[in-house]
Amino acid sequence: MKEDMWKIMSMNYVGIDIGSTASKVVVRGKNDIRFVLPTGWSSKETTIKIKERLLEAGVDVASEDTRVVATGYGRVAVDFADKVITEITCHARGGRELAGGDCTIIDVGGQDTKVIQVNQGVVTDFLMNDKCSAGTGKFLEIMANRLGITLNELFELAKTGESIPISSLCTVFAESEIISYIGEGRAREDIAAGVIDSVVAKVAQLAQRQKSAEKIILTGGLSHSDYFASKLSEKMGKNVMPTELGRFAGALGAAYLAEEKRR
Amino acid sequence: MELIKDLPEVFEEFAEQRQNSFLNVKKLKEQGIPVVGVYCTYFPQEIAMAMGAATIGLCSTSDETIPDAEKDLPKNLCPLIKSSYGFAKTDKCPFFYFSDVVVGETTCDGKKKMYEYMAEFKPVHIMELPNSQSPEALELWKKEIIKFKEFLEEKFEVEITEEKIREAIKVNNNVRRSLKKFYKVMANDPVPMYGHNLFKVLYGSTFKFNRAAIPAEVDAVVEKIMAEYEVEKKIEKKPRILVTGCPIGGATEKVIRAIEDNGGVVVTYENCSGAKSIDQLVDEDNPDVYDALARRYLNIGCSVMTPNPNRLELLGRLIDEYKVDGVVEVVLQACHTYNVESFGIRRFVNEKKGIPYIAVETDYSQADIGQLNTRLTAFIEML
């Protein structure tokens, strides 16, 4: 045990989650670091930036006492990773830490939405939305853009609005629906509430395809939003907990797996 | 028969069989041998074999002609149907071009309606396949088989005798026996070869015109595989995957690749590229040869049947025999019967067999390779 502790303290375990929108980094062990940066157009360049930022913070990814696990859709771009693991497994590992045990993880990402069941510490089942941006962060981003506001403003506005239905499942068609609402002079907060309701409905539909655990947590870019979590809880008729560090779930899991999946 | 060639070369030869048969089919035609083009596992091949005809699978596996097909057919339709129609209509498939007659069955809605249009530019004989396996259905299917025999006799001015049919049954049963022996090598753990090579041989063998020559050749392959396996286990133990669902081949081999490039190995195929079309023999002792054929073919457990108990029976058996760790179901986009049935298959696999299951929906494009890789890698990581 003592030896293990010593080892952990002398090693750096780095988890890098290159998502479609944001890249998240978590370091555990000797250093305790956490940061996020936009992925931009090139995962490769983002990877170089991450390497530099880590070095500034005193973590040299090339050194013997650093182990790196990469995950996320851009995981293969991290050429200095010791191991590459899918975001499903990493989210499950990170989610387990955030939830303090077995749970159902609902991850609303920039390009896809995942529902992961963690039972006795391992993934027992998962679902991902299929080839469509409805019910993802991308949908919210596009709609916020159309309304000329930021994502945070979209959530703030929605709280005061009276939701109007957005029935199109397709992001492109939903956008034209919103344009016609704007044309009709409908209140921006009402449209904002409708936009969020639409995402909530899609996410709930996906999550309800599987039996959830007692504890359900929200991860990904929207995970800190109490408003989103409460709307989702309402729709599912179950308590979905927001998590402060939810957007780091994948990177955190990767950092844990960097330590555990040693060969 | 002894194989002189190395196994990788043998597997590639099988993989190229479809291409090579493009040339052979022309030779057959020049020899005056009739060619019957077919689309489905339900097709009673022995009837055509009994008149000395060559049969050839026409199911297309590439997205090349889908834009042409979509001029006539809806976009939201199964890629196998669209691609097959597209190749037929644009005359880009030599098998279709050289087929004297094309046989279709009333299997799924998309296919049977597509055949109506295909019949406008090619002689198409439709067999009415019942959608259940009741005694009444069996009677209808038997009549349809006899009707098909009479159709061939009239069209080609030949007589198809029961004796000839019996001979064809024996030949095809031997093919099935040898292919079963072949795929059975995958029951070994670790496996003696990759599932992609297993697929190449199973798929390639359907494009060999000389059916009687298949057993000796396949037996020799089995012998070589097992002899090498005895000496050295080249592949380490890996999570063992069963593939089920829609037909695969060509473009959709991307699913096999996504499994085997990411740490898994396909040990058996339940779909019609595999055990579904090989597992059952035709009863050689049944005095009524048409009854024997009707029973054997009607019993195939495709999702067009309702209910479809035989699929579960075969699935359960394969999961046990091949010590399967996880089931991957391939659903082609807009294939309603397999897509609907996937809920029941998941339940069966999870609850009755106690192993994980994943369904992936895909088409003939290569656009979803990233998503397929992520899903299937995560699935394998979880086993």
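**Close-up views of the chain B and chain A interface**

**View 1. Polar contacts across the interface.** Between chain B and chain A, five residue pairs are in polar contact, both residues at pLDDT 80 or more. (A polar contact is a pair of N or O atoms within 3.5 Å; within protein, one must be able to donate a hydrogen and the other to accept it, and residues adjacent in sequence count only if both atoms are side-chain atoms.) The model is predicted: local features need pLDDT of at least 70, side-chain atom pairs count only at pLDDT 80 or more, and totals for chains, interfaces and linings use all residues. Residues are numbered from 1 along each chain as its sequence is written, and side-chain values use heavy atoms, without hydrogens and water.

**View 2. The salt bridge.** Chain B and chain A share one salt bridge (a side-chain nitrogen of Lys or Arg within 4 Å of a carboxyl oxygen of Asp or Glu). Arg346(B) pairs with Asp125(A); the closest N and O atoms are 2.8 Å apart.

**View 3. The chain B side.** Helix H16 (336-352), strand S8 (357-362) and helix H17 (369-382) of chain B each supply at least two residues to the side touching chain A. (Helices, H or I, at least four residues, and strands, E, at least two, are DSSP runs numbered from the N terminus.) H17(B) gives the most, eight residues.

**View 4. Surroundings of Phe126(A).** Phe126(A) touches residues of both chains, including Ile88(A), Val115(A), Ile358(B), Phe379(B) and Met382(B), not counting residues up to four places away in sequence. (Contact means heavy atoms within 4.5 Å.) The contact between the chains takes 15 residues from chain B and 17 residues from chain A.

Notes. Chains are lettered from A and ligands numbered from 1 in the order in which they are written.
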